[in-house]
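Take a look at the model below.

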Amino acid sequence: MHECPVCEAEVTISADPVEGELLECEECGIELEILALDPITLGEAPDAEEDWGE
Amino acid sequence: MRVGFLHSLIRRDEKLLIAELRRRRDMEIVFLDDRRLVFDLETRPPVDLVLERSINHSRAMHALRLFEGVGTACVNAYEVARRCGDKILTAASLRDHGVPQPEVRIAFTPESALAAVEELGYPAVLKPAVGSWGRLLSRVNDRDAAETVLEHKAILGSYHHSIFFVQQYVEKRGRDIRAFVVGDECVAAIYRTSDHWITNTARGGRASNCPVTPDLAGISLRAAQAMGGGVLAVDLFETGGGFLVNEVNYTMEFRNSIDVTGVNIPERIVSYLRRAVP
Ligand SMILES: Nc1ncnc2c1ncn2[C@@H]1O[C@H](COP(=O)(O)OP(=O)(O)OP(=O)(O)O)[C@@H](O)[C@H]1O
Ligand SMILES: [Mg+2]
Ligand SMILES: [Zn+2]
């Protein structure tokens, strides 16, 4: 089980997680990033910057 | 073949590419997180090719230049990223290659920009030269609005917001087109439909399949070639007089376009990588 570092709700992680993966906490809506895989560590994802995009 | 996967945050698009790379027996992924890289101008990364999927334009562009500097092939190439990432360079490249686009004006002061808007007529669209996802775009319907936006940009923005890129507003009846180009093929296209004049899917535009007609494929490939070619998403408007190319994106987002087009876009991208290694 993985906990949202912000609201402590349970966060579901895909079967094939990768470092740097972006996910959203379904409870509080915050964007999270998988910081490490072993063990899985979650942190708040960085805010979008002006030059982000396609 | 070792594929360097240049990234920062990994979104669904990147996950789909990673899954596709992992499916291939002859490909191995080397993750290159742009937040951890240090370049020394000499060391070659242990890869045959870099696939650029970074969410930051400045990081992507500089990293591509540095990788190419030590002889590593990149998809997309540095020059392509540079041209696509800056709407002024995009407009100039499209014009160099005779690809039709909306009327544009570029100006460097609020006063000259206002004159440019007045010359194009209303409504006009002001865009940051560097930026994406439809952010900080303004449609100005009259002189008062133009003056206000230009003053705000000049006073509140950083220096690059005083490089003014102005486009004629194209009446597009609620939708525009995004065409996906992979190498020398236009593999798929979608309509992006919205009640808002900004139709990006990142801003709530709905994606639906758009048939790739010979005309659409033709102009999309010409636009991609004008930028230097590679894996590119070409945004277009349909007008009575034919298609106009609005812009070209070099780190294309395709996650909302696979189901609606029925085309496995990440599979097409990964297959292209073999052809991109010299
Ligand atoms: N000149 C214009 N006339 C009419 N609509 C426009 C015009 N320019 C932009 N738009 C609308 O705004 C959307 C975003 O514009 P544009 O693609 O130039 O910005 P962007 O921030 O680079 O977006 P992205 O990189 O995500 O495609 C377009 O998809 C289109 O719907
Ligand atoms: Mg863009
Ligand atoms: Zn939460």
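What follows starts with one chain, moves to the interface and ends with the spaces inside.

This is a predicted model, in which local features need pLDDT of at least 70 and side-chain atom pairs count only at pLDDT 80 or more, while totals for chains, interfaces and linings use all residues. Residues are numbered from 1 along each chain as its sequence is written, chains are lettered from A and ligands numbered from 1 in the order in which they are written, and side-chain values use heavy atoms, with hydrogens and water left out.

Begin with chain A. It has zero helices and five strands (DSSP runs numbered from the N terminus: helices are H or I, at least four residues; strands are E, at least two). Its pattern along the sequence is β-β-β-β-β. The C-alpha trace of chain A spans about 35 × 25 × 15 Å along its principal axes.

Now the interface. Chain A brings 18 residues to the contact and chain B brings 30 (contact means heavy atoms within 4.5 Å). Together the chains bury about 1900 Å², 45% of it on carbon and sulfur atoms (buried area is the accessible area, with a 1.4 Å probe, that two parts lose on being put together, summed over both). On the chain A side, Glu50(A), Trp52(A) and Glu54(A) lose the most area to chain B, together 43% of what that side buries.

Five salt bridges cross this interface (a side-chain nitrogen of Lys or Arg within 4 Å of a carboxyl oxygen of Asp or Glu). Glu54(A) forms a salt bridge with Arg178(B), with the closest N and O atoms 2.6 Å apart.

Next, the empty spaces. Rolling a probe the size of a water molecule over the atoms shows where they are left. On a 1 Å grid over the protein atoms alone, a cavity is a set of points where a 1.4 Å probe fits but cannot get out; a pocket is an open set with protein on both sides within 12 Å along at least five of seven lines; lining residues have an atom within 4 Å of a point.

The largest pocket is lined by 23 residues. Nearest its centre lie Leu22(A), Glu31(A), Arg11(B), Arg12(B) and Arg255(B). Strand β3 (22–24) of chain A and helix α1 (12–23) of chain B each supply at least two lining residues.
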